Amino acid sequence: MFIESKVRELGIEIPKAAKAVGNYVPVAVSGKIAYVSGQIPVVDGTVKYCGKVGSDISIEEAQQAARVCMLNGLAQLRETVGSLDNIRSIIKIEVFVNSSAGFTDQAKVANGASDLLIEIYGEEGKHARAAVGVAELPLNSAVEISVIAEI
């Protein structure tokens, strides 16, 4: 695969991988499977999208938040396996949406991450997915995403 060159061609910037801020590892590898810990929409050390989706944050903003979360997840994968070219496929993503009461469009929010993966990886980027509404997320983040990938 030539994913790194495709990312450059698409003009997509993968950020530097953030360090863990708690008692966990950003990525755990077991055999050929990499499990990426939950990523929030942090840009330059600051949570860019905060609040409840459906009241404080629009669906479109939440989709951008999901995209940023996924970029952060890809950064963690790159840091762990050396190159995005070493990712054979994306198996599953889990998208947690800080949802206001009555908000039920979590799947639309998750599309922000799913669309990015398919843009970058094509067929190998298609994945299983969970999109779940939650009452709160760390640092009042609008979205959090974990990733499972085959290396």
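**Entry 1: the sheet.** I looked up the strand order and found five strands in an open sheet, β1-β2-β7-β5-β6, with mixed pairing. The edges are β1 (27-30) and β6 (128-134); each has a single partner strand, so one side of each is left without a neighbour in the sheet. From one strand to the next, the twist averages 10 degrees. Terms for this entry: two strands count as paired if DSSP finds at least two bridges between them. Helices (H or I, at least four residues) and strands (E, at least two) are DSSP runs, numbered from the N terminus.

**Entry 2: what I am reading.** This is a predicted model, in which local features need pLDDT of at least 70 and side-chain atom pairs count only at pLDDT 80 or more, while totals for chains, interfaces and linings use all residues. Residues are numbered from 1 along each chain as its sequence is written, and side-chain values use heavy atoms, with hydrogens and water left out.

**Entry 3: pairing, strand by strand.** As a reminder to myself, strands of a sheet pair through backbone hydrogen bonds, either parallel or antiparallel. I took β2 (residues 33-39) and β7 (residues 143-150) to begin with: they run antiparallel and are joined by five bridges. I then followed β7 to β5, where the pairing is antiparallel over eight bridges. Here Ile90 has Ala149 in β7 as its bridge partner. Between β5 and β6 I found the parallel sense, over seven bridges. Ile93 is bridged to Arg129 in β6.

Entry 4: Which strands does helix α2 touch? I find that α2 (residues 59-81) packs on the sheet with contacts to β1, β2, β5 (89-98) and β7. Its direction makes about 40 degrees with that of β7. Helix α3 (residues 106-121) lies across β5, β6 and β7 and runs at about 150 degrees to β6. Contact means heavy atoms within 4.5 Å. The axes are lines fitted to C-alpha atoms, for helices over the stretch in contact, and the angles run from 0 to 180 degrees between N-to-C directions.

**Entry 5: the chain as a whole.** I listed three helices and seven strands in the protein chain. Read from the N terminus, the elements go α-β-β-β-β-α-β-α-β-β. The radius of gyration is 14 Å, close to the 15 Å of the globule rule for 151 residues, so the chain is as compact as a globular protein of that length. That radius is taken over C-alpha atoms, and the rule is 2.2 Å times the number of residues to the power 0.38. The C-alpha trace spans about 40 × 35 × 25 Å along its principal axes. Among contacts with a separation of 6 or more, 83% come from residues 24 or more positions apart.

**Entry 6: surface.** The chain exposes about 7600 Å², of which carbon and sulfur atoms supply 51%. The areas come from the Shrake-Rupley method with a 1.4 Å probe; for residues, only the protein chains shown count as cover. Of the 151 residues, 43% count as buried. Buried means under 20% relative accessible area, exposed over 50%, and partly exposed in between (1.4 Å probe, protein chains only).

**Entry 7: cysteines.** How many disulfides does a search of the whole structure find? It returns zero, with a disulfide taken as a pair of cysteine sulfur atoms within 2.5 Å. For Cys50, the nearest cysteine sulfur is that of Cys69, 11 Å away, which is too far for a bond.

**Entry 8: positive phi.** I noted Asp44, a residue other than glycine, with phi near 50 degrees. Asp44 sits in the loop between β3 (42-43) and β4 (46-47), and is exposed, at 79% relative accessible area. Leu139, also not a glycine, has a positive phi of about 60 degrees. Leu139 belongs to the loop between β6 and β7 and counts as exposed at 64%.

Entry 9: From Gln64 to Lys48 I read 9.8 Å, C-alpha to C-alpha, across 16 residues in sequence.
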